[in-house]
Amino acid sequence: MRPLFLAAIVLLIPAAGLRAQNATTALSALKLLPKGEGKRIARIEAREGSPTPERWYILVHNPKEETGLHEYVVAGGEIIASRALSQFAENVKPEDVIGNDAVKIDSDLAGQMAQDFAEANNLVAASLNYQLKKDNENAPTWTVTCIDQGGKRLGEVVVAAGKGSVLSHSGFPVEPSPDKLKLPGDSIEERDRARDRELSKSARKKYVTRYRDPAQSRPPPREPPKPVPFFQRLFGGGR
């Protein structure tokens, strides 16, 4: 019995390693599309990620198709399907196009944010469903839905795909600590630089003079006292 058990472990380890190797984020999957298709993406869907899903469904706008829709399915680091229909949408319009340049936040970061919200509410997400598309304000957003072990929806987190800010977190009343939601590279220096860019030229000049240049905010140095002549010191200055 023991040799059979050990053999099973040996077989499972390579399989697990293969799944980890084949795990692909959404932005990595976009790089596998034919040249030029990334600029026409309108929607990305994935189901049952743990946290990374096995398949990404990428919908692009194709004016040659009657429905304006073409779907690519990416799994294992390659395109496994290319078709003119999708279970996630009946058609794609030009105004639905997001474009890959507008997406700065990858699926792994959006998924981690959703898991942080679940953890803050003492819940465990067994799997994650992903959706990327434009919201009502025509901005791309990630909607990550957390599912428990029994298939029940725990809650969902909506993340701005451009800036990474959390727009809503339905089902998760308790928010994680700010450190949990801090984006990579979100340092004080970078926030200062972002703030400086938003300041007007006049306000920036005043800000720099007062806070960023200590030399200009210090009082002028005192002049050294003038030497007193010898006889004046000897006779007390004539007093």
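**View 1. Confidence along the chain.** The model is predicted, and the protein chain averages a pLDDT of 78. Of the residues, 65% score at least 70. Where pLDDT is low, predicted coordinates should not be read in detail.

**View 2. The largest nonpolar core.** This core holds 32 residues. I44, W56, I58 and W142 have the most contacts inside it. Elements giving two or more residues to the core include helix 2, strand 1, strand 2 (55-61) and strand 3 (69-75). Helix 3 (107-120), strand 5 (127-134), strand 6 (140-147) and strand 7 (153-160) also give two or more residues each. Helix 3 supplies the largest share, with 5 residues. A second core is separate and has 5 residues, among them L59, L69, A89 and V92.

View 3. K39 lies in the loop between helix 2 (26-30) and strand 1 (41-49). K39 counts as exposed because its relative accessibility is 62%, above the 50% cut-off. Leaving aside residues up to four places away in sequence, K39 touches V97, G99 and N100. K39 and N100 are 61 residues apart along the chain, yet their C-alpha atoms are separated by 5.5 Å.

**View 4. The cis peptide bond at P51.** S50 and P51 are joined by a cis peptide bond. Its omega is about -5 degrees. P51 sits in the loop between strand 1 and strand 2.

**View 5. N122, a non-glycine residue with positive phi.** The phi of N122 is about 60 degrees, although N122 is not a glycine. N122 belongs to the loop between helix 3 and strand 5. Buried or exposed, where does N122 fall? N122 is exposed, because its relative accessible area is 73% and the cut-off is over 50%.

**View 6. N138, a non-glycine residue with positive phi.** N138 has a phi of about 65 degrees and is not a glycine. The loop between strand 5 and strand 6 contains N138. With a relative accessible area of 55%, N138 is exposed.

Key. Residues are numbered from 1 along each chain as its sequence is written. This is a predicted model: local features need pLDDT of at least 70, side-chain atom pairs count only at pLDDT 80 or more; totals for chains, interfaces and linings use all residues. Side-chain values use heavy atoms; hydrogens and water are left out. Helices (H or I, at least four residues) and strands (E, at least two) are DSSP runs, numbered from the N terminus. Buried means under 20% relative accessible area, exposed over 50%, partly exposed in between (1.4 Å probe, protein chains only). Contact means heavy atoms within 4.5 Å. A nonpolar core is a set of buried Ala, Val, Leu, Ile, Met, Phe, Trp, Tyr and Cys residues joined through side-chain atoms within 4.5 Å. pLDDT is the predictor's confidence in each residue, from 0 to 100.
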